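Please read them alongside the sequence and the coordinates.

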Amino acid sequence: AVLDPRPETETLIDLVLQWADETGRRDRPLDILDVGTGSGAILVTLLAELPRATGLGTDVSPEALQVARSNALRN
């Protein structure tokens, strides 16, 4: 129902966390929208790393949303 995360996923997450550190956002409220969330790997990881963030993942695939929901609950 979803694609496996690619190496570029880690690069994207690293860049977002670098931005959060450089702008002082790591410990401030932050809203994240993940369009086409798939497995939810990006959103779940960012929410784990950014303690004051909240997020919403969307996808047109109900199956993908089930996978993302399951991953979010496990992590």
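1. On one side of helix H3, Pro62, Leu73 and Arg74 are exposed (over 50% relative accessible area, with buried meaning under 20% and partly exposed in between, for a 1.4 Å probe and protein chains only). The buried residues of H3 are Ala64, Ala68 and Asn71, and because they cover an arc of only 65° around the axis, they lie on the same side of H3 (the arc being that of the directions from the helix axis to the C-beta atoms).

2. These buried residues of H3 pack against helix H2 (41-49), where contact means heavy atoms within 4.5 Å. Helices are DSSP runs of H or I with at least four residues, strands are runs of E with at least two, and both are numbered from the N terminus.

3. This is a predicted model, in which local features need pLDDT of at least 70 and side-chain atom pairs pLDDT 80 or more, while totals for chains, interfaces and linings use all residues. Residues are numbered from 1 along each chain as its sequence is written, and side-chain values use heavy atoms, leaving out hydrogens and water.

4. Three salt bridges are found in the whole structure (a side-chain nitrogen of Lys or Arg within 4 Å of a carboxyl oxygen of Asp or Glu). One of them joins Glu8 and Arg6 at 3.3 Å, N to O; Glu8 is partly exposed at 47% relative accessibility, and Arg6 is exposed at 56%.

5. Arg26 forms a salt bridge with Glu49, the closest N and O atoms being 3.7 Å apart. Glu49 lies in helix H2 and Arg26 in the loop between helix H1 (7-22) and strand E1 (30-35), so the pair ties together parts 23 residues apart in sequence. Through shared partners, salt bridges join Asp21, Arg26 and Glu49 into one network.
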